[in-house]
Each structure stands twice: as structure tokens, then as C-alpha cells.
Amino acid sequence: MRQLLIFLSFVLLVSCGQSSRHGTAAQGGDTLRMHYATLLTVVRHKDYTQVLIGDPWKQGSVLQRYVLVPKSLGALPRGLPGGVVVRIPVERSVVFTTAHCQLLWWLGAQEAVKGVCDLKYIHIPELQEAVRQGRIYDCGNGMAPASEKIIALKPEALLISPFENSGGHGGLDKTGIPIIETADYMERSALGRAEWMRFYGLLYGRERQADSLFQVVASEYQYLRGLARRMRQGRSVLTERMTGSVWYCAGGKSTVGQLIADAGGRYAFASDSHSGSVPLPFEQVLAKAGKAEVWTFKFDGDRPLTRADLLAEFHGYNGLEAFKSGEVYECNCSKTRYFEEVSFRPDWLLRDAVQLLHPGVNLGGLRYYQRMPQ
């Protein structure tokens with residue numbers, strides 16, 4: 001029986017041709033096939049593994065090259081290709097994002113997490129307890145980390161998300177500590193992002209565990225995707241809400257846009273070509289998506305938001321069809337593990353989406369969202 005009732009089987013979209021897209025890999029070796037991830041090329045050699053990360057902002061370019069060398073070899077082999085050398089398995093690391101912390105817990109590599117940034121945003125009780133006990137250190141704000149504290153931890157790797165035109169990672173670029181560019185969030189499909197766990201499994205000596213977990217994620221995701229396809233077309237949906245003077249709508253090519261399509265839902269911005277969020281004025285959102293049947297959004301708070309709360313925030317919400325009908329669903333990220341889980345368990349999020357977009361379908365209840373109280 002399928003306990004979680006959600007999700008997917010392997011679809012071979014990406015193959016060995018990745019090397020030509022991301023740059024030239026070292027000659028020879030065996031390429032590890034990536035089924036969904038388009039930014040990763042992994043080539044195994046006798047004494048090392050070469051990993052190329054494609055630049056998500058400059059097609060055909062390489063963002064970073066890594067050369068993973070087993071510690072069991074002792075001295076570095078001769079004739080290594082160019083790239084950042086990382087001795088594996090990584091046993092000491094500082095992790096800047098909550099999603100990667102959660103993944104390392106799932107893979108059984110939590111002992112390799114020695115420091116984290118943005119601790120207040122990490123809703124992992126076991127990690128918070130480890131910080132209280134002094135087994136993991138709070139390294140401050142991710143945008144301005146405590147470099148001296150990080151260096152003192154003697155990490156073998158730093159897991160940091162890259163951003164377009166960021167100019168690097170400040171003083172951390174000069175420490176000599178290998179920086180792992182966690183560009184998984186720039187993949188255009190939920191499964192593409194999730195498949196990066198196979199790379200992280202290689203880094204931490206948890207390759208078997210990562211491959212096994214990804215097979216579960218992929219199988220469950222595709223199972224639910226097929227289930228949604230056999231249903232009548234789902235409801236139309238609008239996501240998120242106003243931030244200041246704009247509404248950040250998920251682009252049609254984003255992982256959110258793709259997930260809505262996989263859940264069988266209708267999305268007003270499905271034809272948009274952006275892979276990230278698109279800032280739009282409320283008037284444009286209202287004109288294009290104001291009649292959406294369901295409205296979902298995320299927030300952080302100590303209690304659920306109500307209709308009165310939303311109208312106090314922005315009276316224009318009253319013009320949305322879903323607001324009038326009460327079909328508003330909120331995800332309180334302070335009370336759920338949304339940001340911890342969905343990057344590498346998109347199958348769980350897809351389960352919520354199918355239930356939200358197909359009234360009457362019950363796949364065990366909602367994990368992240370709840371209907372907004374009236």
C-alpha cells in the first residue's frame with residue numbers, strides 16, 4: 001500500500017549529453033545519468049569524481065567545477081583536472097539553508113553539520129536542540145555570516161546558495177574552504193531540484209541513502225501526477241499575496257508553475273516564460289487571475305491569519321473571487337516544515353496541491369496548508 005498516496009516514477013529527460021551543455025568534462029570516466037536535474041554533470045573516474053554545475057544565468061557556461069577525492073586515498077592523485085578539490089566524505093560543514101540541513105538529517109549525515117546560518121528560520125527541533133547543547137554552532141546571518149567563527153570550526157565545506165550578480169560570497173571566498181554552490185533552487189522542475197540530493201549524497205558519503213530516497217520521491221511524485229491526469233481538470237489557483245506594492249507571482253516555467261500543472265490545476269500565468277517570480281502590480285494580478293477559484297499563500301506568524309487580518313493588510317484582496325467564496329488556504333511556515341521539506345520532498349507538496357485543486361479528493365489530509373478561518 002502507498003502510505004502517503006502521492007507521486008512519481010522515473011522519466012528519462014536528461015542524459016549524458018549534459019557535458020556539452022555545461023562545459024567539457026575530463027576525458028574518459030563514467031557519466032552518472034541525471035534523470036531530471038539539468039544543471040548537474042557528474043563523471044566518475046578511478047581516483048576521483050568530477051562535478052560540473054551549469055550556470056543557471058548564462059546558458060552553456062559552468063558556474064563551478066568540483067573534484068571529489070576520497071579521503072581513503074591519502075595523498076591527492078596526480079593529474080587532477082581543474083576545479084575545487086573536496087575530500088570526501090565531508091565530515092565537518094557549515095550549512096546556510098534550512099532545506100539542506102533537513103536533507104542531511106534525512107540522509108543520516110547530521111553529525112557533519114557543525115554550524116548553521118539563519119538559525120531562527122530553521123524549524124528542525126533536533127537541530128535546535130543540538131545548538132542548545134553546543135554540538136552545532138550558530139554562525140549568524142547568512143548574508144553577513146560570522147567568518148571568524150566559521151573558520152574556527154574548521155569545516156571541510158560550506159553549503160551556500162549562489163545568486164545572480166552577487167559577486168561571490170564575501171570574505172568566505174578567501175578562506176580556502178571549499179564552497180559548494182547549492183544552485184538546486186534554479187532547476188526548472190521540482191524533481192530536477194530534488195535530484196540534487198544525489199550530489200549531496202556523494203559529498204557526505206551517503207550515496208546509497210540519497211539514491212534510495214530519490215527513487216521514493218520520484219516514484220511517489222509521478223504516481224500522483226498520473227492520478228491527477230486521470231481526473232477532470234482541477235480548479236484555477238492564485239498563489240502568494242502582496243509584498244509591499246507588488247505581488248510576486250510564480251512564473252510559468254518555475255517549479256511552482258510546473259507543480260500546479262502536474263496537479264492538474266489551471267494557472268493564469270502558465271504561459272509566462274519566467275523560471276522565477278514575476279513582480280506585478282495588484283491591478284494586473286486582479287485582471288488576469290482575480291477569478292481564480294482557490295487562493296494559497298505562505299506566511300510566518302504565531303496564529304492563523306483571518307479575513308480581517310488580510311483586509312487590514314490590503315483592502316484590494318476583497319476583489320478576489322476566492323476571497324469572496326472563502327476558498328483561501330494558508331501555510332504558516334512557523335508552524336510547518338514547509339521550507340525544510342518541500343525542496344527535496346516535492347511529492348509531499350504535490351499531494352497538498354492535488355487535494356486543493358480537486359475538491360472531494362482526500363489523500364490523507366493537507367500537510368502544509370489549512371483553510372483560512374472566517
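What percentage of the 374 residues in the chain do buried residues make up? In this predicted model, in which local features need pLDDT of at least 70, side-chain atom pairs count only at pLDDT 80 or more and totals for chains, interfaces and linings use all residues, buried residues (under 20% relative accessible area, 1.4 Å probe, protein chains only) account for 52% of the chain. Residues are numbered from 1 along each chain as its sequence is written, and side-chain values use heavy atoms, with hydrogens and water left out.

The chain contains 13 helices and 20 strands, taken as DSSP runs (helices H or I, at least four residues; strands E, at least two) numbered from the N terminus. Its radius of gyration is 22 Å, close to the 21 Å given by the globule rule for 374 residues, so the chain is as compact as a globular protein of that length; the radius is taken over C-alpha atoms, and the rule is 2.2 Å times the number of residues to the power 0.38.

The largest nonpolar core, with 101 residues, has Leu127, Trp196, Phe199, Trp247 and Trp295 as the members with the most contacts inside it, a core being a set of buried Ala, Val, Leu, Ile, Met, Phe, Trp, Tyr and Cys residues joined through side-chain atoms within 4.5 Å. Helix H7 (residues 207-229) supplies the largest share of this core, 9 residues.

Leu127 is also one of the buried residues of helix H3 (residues 125-132), together with Ala130 and Val131. Seen down the axis of H3, these buried residues fall within an arc of 100 degrees (from the directions from the helix axis to the C-beta atoms), so they line one face of the helix. They pack against helix H2 (98-106) and strand S7 (113-116).

Definitions and conventions:
Buried means under 20% relative accessible area, exposed over 50%, partly exposed in between (1.4 Å probe, protein chains only). Contact means heavy atoms within 4.5 Å.
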